Amino acid sequence: YSGLGMAVQAAVFRSSSGLASVLVTIQYAAGTFKRAVPGPADKLGVSVVAIDPRGTVRGSDHRTIGFDVSPKTRQALQTLGFRTFSRLELPAGRYQLRVASVLGTAGDVGSVRHDLEVPDFSKEIPSMSSLVVTSRLAALIPTAGKDERLAEFLPAPPTTLRDFGMDDTLAFCAETYADPSKAGSPMPVQATVEDDQGRVVGPVRDIQALPSPRESRGTSVYSASIPLTDLRPGAYVLRVGTRASAGAPPATRQLAFRVWSPDSQSVDSPADPVVAVAAGVVSGVRDLETVVARTSSEWVGLWSRLPLKRTPPTVTFDSTMIVGVFLGARPTAGYGVHIVGTRQEGDTLVVEFTEQSPPATADNPPVETTPYVVAGVRRHDGPLRFEKVSR
């Protein structure tokens with residue numbers, strides 16, 4: 001259930017205690033804070049519980065977060081959402097994470113269940129932690145506290161987002177684990193980016209092996225940044241792994257993500273059938289909804305529903321109108337929606353859109369996304385119909 005729009009990602013690391021340390025990142029959709037802006041007296045209650053197959057609680061974290069924040073931060077909540085972190089110490093095994101939150105006096109409630117397998121790092125040598133990612137845009141999301149373990153290795157707090165603009169920069173980090181009794185120099189690590197056909201579109205360069213004095217012996221931390229300007233819009237997989245050595249198979253992790261084209265800065269009379277304006281994956285709209293704006297006031301109203309901080313582009317409404325599709329809730333990252341064209345049927349203009357799904361090979365985490373797209377098309381004052389097509 002998610003009246004309070006939430007996305008949850010769990011990342012597993014080896015711990016010096018002999019248990020695994022599980023970082024739980026929770027992001028809340030901006031739409032929640034548009035409906036009911038939390039005041040200084042409002043609180044967000046967050047509970048994270050790990051339950052084993054026998055129904056026994058093996059770890060939990062409960063916290064209350066206040067919203068006595070500046071007007072600037074309150075505005076950021078409405079455009080970018082909110083983020084919290086929890087850490088659990090768990091032995092190897094299978095778990096169900098149950099995450100629940102209650103927001104403010106309005107009582108918005110959200111919950112997510114996430115199946116998690118914690119490996120036995122003592123038996124898997126060499127081994128690797130989960131991949132953790134962030135981006136330049138993710139750095140702007142208001143966040144309660146920080147995760148001390150990763151704060152020195154990432155340029156911004158971890159994010160559950162898996163969809164990024166071409167003008168963004170993706171950053172990741174991962175830990176590798178060698179036998180503590182035989183620990184020497186860091187293990188060589190390599191990373192590649194593959195497209196949705198499995199073709200390598202480029203190696204990730206300048207992977208840094210970072211000093212980690214707080215971590216246990218045999219632990220190495222690696223970090224790198226990936227500018228997305230050279231990637232075409234589409235689905236990709238980031239693959240990171242150790243190199244195979246004599247008697248030791250490689251340890252690998254992969255993460256699926258999507259790159260979107262940059263937003264247009266203005267929408268004049270379109271020479272082509274469709275002019276892209278904005279698209280993303282965190283609208284907060286959980287049901288399929290289509291919209292049209294033929295006037296400036298309608299356009300401002302539509303733009304205010306989008307999780308964007310900048311002012312809306314200028315539109316020439318004498319020859320152009322704006323159409324939008326909110327795809328509704330989807331169970332993982334990697335989904336998207338595109339307005340691909342229009343056609344005339346009698347006096348009705350049909351707006352065609354497609355749904356993009358993640359590749360079957362993508363191991364995407366179960367985090368709710370709510371994709372949307374907004375585009376300019378030639379103005380039509382008669383009947384309008386939206387139609388989902390396959391292309």
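Buried, in what follows, means under 20% relative accessible area, exposed means over 50%, and partly exposed lies in between, with a 1.4 Å probe and protein chains only. This is a predicted model, where local features need pLDDT of at least 70, side-chain atom pairs count only at pLDDT 80 or more, and totals for chains, interfaces and linings use all residues. Residues are numbered from 1 along each chain as its sequence is written, and side-chain values use heavy atoms, with hydrogens and water left out.

I start with helix α2, residues 71–80. Helices (H or I, at least four residues) and strands (E, at least two) are DSSP runs, numbered from the N terminus. The buried residues in α2 are Arg 74, Ala 76, Leu 77, Thr 79 and Leu 80. Just after α2 comes Gly 81, with a positive phi of about 90 degrees.

Next, the sheets. Two strands count as paired if DSSP finds at least two bridges between them. Nine bridges link β2 and β5, and Gln 27 stands opposite Arg 83 in β5.

The other open sheet I want to show has four strands, ordered β4-β3-β6-β7, again with antiparallel pairing. Here β4 (57–66) and β7 (108–118) are the edges, each pairing on one side only. The twist averages 10 degrees from one strand to the next. Inside this sheet, β3 (residues 43–51) and β6 (residues 93–103) run antiparallel and share eight bridges. Leu 44 stands opposite Leu 103 in β6.

Last, the cavities. On a 1 Å grid over the protein atoms alone, a cavity is a set of points where a 1.4 Å probe fits but cannot get out, and lining residues have an atom within 4 Å of a point. Points are joined across faces, edges and corners, and a volume is the space filled by probe spheres set on them.

How many cavities of 30 Å³ or more are there? There are two. Strands β1 (6–14), β2 (20–28) and β9 (132–135) each supply at least two lining residues.

Note on methods. On a 1 Å grid over the protein atoms alone, a cavity is a set of points where a 1.4 Å probe fits but cannot get out, and a pocket is an open set with protein on both sides within 12 Å along at least five of seven lines; lining residues have an atom within 4 Å of a point. Axes are lines fitted to C-alpha atoms, for helices over the stretch in contact, and angles run from 0 to 180 degrees between N-to-C directions.
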